[in-house]
Amino acid sequence: MDFTSNKRPESMARINTPELAQAFIDEAVEAMRAQVGDGKVLLALSGGVDSSVVAALLIKAIGKQLVCVHVNHGLMRKGESEQVIDVFRNQMGAELIYVDAVDRFLDLLAGEADPEAKRHIIGEEFIKVFAEEATKLDGIKFLGQGTIYPDILESEAGVKAHHNVGGLPEELDFELVEPVKLLFKDEVRVVGEALGLPTNMVYRQPFPGPGLGVRCTGAITRDRLEALREADAIVREEIDAAGLDIWQYFCVVPDYRATGVRDGKRAFEWPCIIRCINTVDVMTAEVPELDWALLKRMTSRILDEVPGICRVCYELSPKPIATVEWE
Ligand code: XMP
């Protein structure tokens, strides 16, 4: 396999077995060692499938010459940053810089209700935080990226500009290391499993770059964000425990209050919307018919366990006309 090429050879077999994954890993490790030599590689590690697999490959290839940076922007799901630290620093021995940027992001976002402005703030700040960390480090020549083949195809077709890290400032003049750029998503997952990454990381649902920011609609407040994170964790836990195969499932807590009654007193709290979709290509999506008992269990757990939420709704809108995310 030619790791410098942007063209997947016609003859390349789909990586769908542990044996094929192992053969790919051996080749990739050799190619990365040849490219990097004794240089250092920097990698933004979000905890998503692609960056996690690239991290695991680079750890195998060059160990401590890899420096991972995990930026916690405060919009991660419950337990995600902790898992990144546990898996990569504690279990795999990676050099991992954890950046707690929660206050920075939430302070900047305070009062901003426009969805596009929120996305812009989150994207820009992420680049700023990452670039700051990069300039603190000496002797970094390479940047690891979780580019996958659909990114290259979409970028060539002009569908979207491909910038995995969102476009870093020019003065950070890195050479890219992109070991999975000729692979499709399903192949990246098989490789991740062969590298020993946890199943829930390898089969993680798509999660927007702006994170819970697009599900805590309107101007984000810390209390509503916390309620969203807890409700979302309950929905994930219950659907996982039910063993259902649903493509994407999460909660939205809108910037709106409704009346309820709690402990005999009037409550004026947020509704929580449970959003589940099944899809093949995310261009269209259907809503699965969930078991009534499961819906009731999620509802009573959210109402009992999450302060600030007094109603639970299940969304029935397919895409189109609705999009998957609310913002
Ligand atoms: P929509 O809402 O456009 O979502 O129907 C389609 C898929 O894309 C994900 N999504 C995003 N992913 N950055 C991302 O990396 C984003 O800003 C973003 N917005 C939506 C969404 O979760 C769904 O899987």
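# Close-up views of a predicted model

Figure 1. A polar side-chain atom of K319 is placed 2.6 Å from a ligand oxygen atom. For Q248, a polar side-chain atom and an oxygen atom of the ligand are 2.9 Å apart. In G209 the atom concerned belongs to the backbone: this polar backbone atom is 3.2 Å from an oxygen atom of the ligand.

**Figure 2. Cis peptide bonds on both sides of P320.**

Figure 3. D263 is found in the loop between β7 (258-262) and β8 (265-277). V282 is located in the loop that lies between β8 and helix α10 (292-305). Are these residues buried or exposed? D263 counts as exposed because its relative accessibility, 77%, is over the 50% limit. V282 has a relative accessible area of 27% and is therefore partly exposed, since this value falls between the limits of 20% and 50%.

**Figure 4. An open sheet of five strands.** The strands are arranged in the order β3-β2-β1-β4-β5, and their pairing is parallel. Which strands stand at the edges? They are β3 (95-100) and β5 (175-177); each has a single partner strand, so one side of each is left without a neighbour in the sheet. On average, neighbouring strands of the sheet are turned by 30° against each other, direction ignored. In general, the strands of a sheet pair through backbone hydrogen bonds, and this pairing is either parallel or antiparallel.

**Figure 5. Strands β1 and β2 with the helices that pack on the sheet.** Strand β1 (residues 40-44) and strand β2 (residues 66-72) run parallel and are joined by four bridges. The bridge partner of V41 in β2 is L66, while A44 has V69 as its bridge partner in β2. Helix α1 (residues 18-36) packs on the sheet and touches β1, β4 (140-144) and β5. The direction of α1 makes about 165° with that of β5. Helix α2 (residues 49-62) also packs on the sheet, where it touches β1, β2, β4 and β5. The angle between the directions of α2 and β1 is about 160°. Together, β1, α2 and β2 form a right-handed β-α-β unit.

**Figure 6. The buried strand β2.** How many residues of β2 are buried? Seven of the seven are buried, so the strand is largely enclosed by the rest of the structure. In a regular strand, side chains alternate between the two faces of the sheet. In β2, the residues L66, C68, H70 and N72 point one way, whereas V67, V69 and V71 point the other way.

**Figure 7. From β2 to β3 through helix α3.** Strands β2 and β3 run parallel, and six bridges join them. H70 has Y98 as its bridge partner in β3. Between these two strands the chain passes through helix α3 (residues 80-91), and this β-α-β crossover is right-handed. E80 is a residue of helix α3. The relative accessible area of E80 is 8%, which is under the 20% limit, and E80 is therefore buried. Leaving aside residues up to four places away in sequence, E80 touches R204 and F207.

Note on methods:
Residues are numbered from 1 along each chain as its sequence is written. This is a predicted model: local features need pLDDT of at least 70, side-chain atom pairs count only at pLDDT 80 or more; totals for chains, interfaces and linings use all residues. Side-chain values use heavy atoms; hydrogens and water are left out. Two strands pair if DSSP finds at least two bridges between them. Axes are lines fitted to C-alpha atoms, for helices over the stretch in contact, and angles run from 0 to 180 degrees between N-to-C directions. Contact means heavy atoms within 4.5 Å. Buried means under 20% relative accessible area, exposed over 50%, partly exposed in between (1.4 Å probe, protein chains only). A crossover is right-handed if, with the strands pointing away from the viewer, the path from the first strand over the helix to the second runs clockwise. A polar contact is a pair of N or O atoms within 3.5 Å; within protein, one must be able to donate a hydrogen and the other to accept it, and residues adjacent in sequence count only if both atoms are side-chain atoms.
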